[in-house]
Amino acid sequence: MSIASDIIRGHTETIILSQLESNDSYGYEINKNIQKRTDNKYELKDATLYSAFRRLEDAKYIASYWGEEGAGARRRYYSITDLGRIACTQNKKDWEAAKTMIDTLIYNEEAKK
Amino acid sequence: MKTKIRNYVDELFFGKPAHNKMKDIKEELISNLNEKYDDLIAGGYNGDEAFYKVIAGIGDADELLGMPRKKIIPEPEPLPKKELRSFIISTLWLGTTILFFMVSFLLDNWETSWTIFLLGSIANSYILLKWTAAEINLPAPIDLRKQGSHEMRASETEAHERKLHKLRKKQMGLISSILWQGIVVIYFVFSMTFPFTFSFSWIIFLAGAIVQNYISLTYRTKKD
């Protein structure tokens, strides 16, 4: 499972962007969704998640704002920007292309036109 | 238990270089950890189990703070084991002795060939210098998972600082010894080859003293 984990981890940013496409969210909720969707088979470390948040925010793909909860333990919410939506769509296309190419290479099939 | 989580995060960030976003990261992390903790308790875990699951999910503290995990400056080679180090030094002196006899016999020169031993000594000092640099770059022996008090952590850092200070002094000493041995070699080889220069070739020792002062000055200002 560890090779798969590395591959998934490499796509952390796209995973986060696609979650934010449907609605704003925050760190723990995103991680919880990932766990649910993969049937508890995959869980991101907080460190991985937060460094991805930082990169996405630096690239202006997402924006953040603080929640209303008690001071000292407020939630940090993230929302996707227009630039982020474009990047997300592109990343999904790239992933499809990579998936197809690797499939043809490892299954010895003719390249699908 | 929420205070235990907050304390753990404070402990994790203790001693890290100051970061203008550190407060924000801490707050976001604590809020997420608290919620995860509540979910685990609701899911049937007891307090301790939930706590350990929560902190186990944090991952690498440096990555969390966005600090590069590898140094950008290339590190000097790691310190070789004790036996390997003694072996290297003995080989050096064996080689120097062999070289001495070879040169003396082949060139039939016994008056200046002894300077080869000075060269060997300079090589020895240089190797020790490299090893001291490697020792200085060894990671500090602070265990992040220790839930010790801040005072204990402070005294460990202090001891480490003292050790570093001693190593830097050793470095300075080695550089000085290389300088002076080098000057002696140059002085003798030069003077023996050009015997008429003996009356003023001692000036090189004055030059050495100037360089030595410059080195001490650079070391002292670097320390500050």
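A polar contact is a pair of N or O atoms within 3.5 Å; within protein, one must be able to donate a hydrogen and the other to accept it, and residues adjacent in sequence count only if both atoms are side-chain atoms. The model is predicted: local features need pLDDT of at least 70, side-chain atom pairs count only at pLDDT 80 or more, and totals for chains, interfaces and linings use all residues. Residues are numbered from 1 along each chain as its sequence is written, and side-chain values use heavy atoms, leaving out hydrogens and water.

**View 1. Polar pairs between chain A and chain B.** Between the chains, 18 residue pairs are in polar contact (both at pLDDT 80 or more). H4(A) gives 7 residues to the side of chain A that touches chain B, the largest share. By class, that side has 10 nonpolar, 4 polar and 9 charged residues.

**View 2. Extent of the interface.** In contact (heavy atoms within 4.5 Å) are 23 residues of chain A and 23 residues of chain B. About 2000 Å² is buried between the two chains, and carbon and sulfur atoms give 42% of it. Tyr28(A), Tyr50(A) and Arg54(A) supply 32% of the area that chain A buries against chain B, more than any other three residues. Buried area is the accessible area (1.4 Å probe) that two parts lose on being put together, summed over both.

**View 3. The salt bridge of Glu35(B) and Arg75(A).** These side chains meet at 3.2 Å, N to O. A salt bridge needs a side-chain nitrogen of Lys or Arg within 4 Å of a carboxyl oxygen of Asp or Glu. The rule finds 5 across the interface.

Key. Chains are lettered from A and ligands numbered from 1 in the order in which they are written. Helices (H or I, at least four residues) and strands (E, at least two) are DSSP runs, numbered from the N terminus. Ala, Val, Leu, Ile, Met, Phe, Trp, Tyr, Cys and Pro count as nonpolar, Asp, Glu, Lys and Arg as charged, and the others, Gly among them, as polar.
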